[in-house]
Amino acid sequence: MPGLCIIPARALADDALRERDLRALLAVGRFTARDGSGVWASNQTLAEVAGMDERHLRRSLARLEAMGYLVRQRRYHPERGTLTSVMSVVLDDPVVDESQ
């Protein structure tokens, strides 16, 4: 099955995004639902997919969140006693044809 990557199109033209930020966004986008939600992949998995170490991935995820490309919801996992994050990619608004 071919893989898809769901990211906002505006990211391609954003000169403020570093190459590693874009790779991190692409890695996150690989695990999203079609609406950009529900990314449960671990930082280790995302780092492997993006081809970077976890430290750089965490920095890129923080930048992407600050730039409005990602939203993270932190949740407490009672069975493990740890905090987990569920990420969502903030997609572009759909194009609306205003000529009609």
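The protein holds three helices and two strands, where helices (H or I, at least four residues) and strands (E, at least two) are DSSP runs numbered from the N terminus. Read from the N terminus, the elements run α-α-α-β-β. This is a predicted model, in which local features need pLDDT of at least 70 and side-chain atom pairs count only at pLDDT 80 or more, while totals for chains, interfaces and linings use all residues. Residues are numbered from 1 along each chain as its sequence is written, and side-chain values use heavy atoms, with hydrogens and water left out.

| Strand | Residues |
|---|---|
| β1 | residues 70-77 |
| β2 | residues 82-89 |

Strands β1 and β2 pair in the antiparallel sense over eight bridges, pairing being assigned if DSSP finds at least two bridges between two strands. Within this pair, Y76 stands opposite L83 in β2. The two strands form a hairpin with four residues between them, and G81 in the turn has a positive phi of about 70 degrees.

Of the 100 residues, 28% are buried, that is, under 20% relative accessible area with a 1.4 Å probe, protein chains only. Among contacts (heavy atoms within 4.5 Å) with a separation of 6 or more, 54% come from residues 24 or more positions apart. The protein exposes about 6,800 Å², of which carbon and sulfur atoms supply 51%, the areas coming from the Shrake-Rupley method with a 1.4 Å probe.

Notes: Buried < 20%, exposed > 50% of the residue type's maximum accessible area, 1.4 Å probe, protein only.
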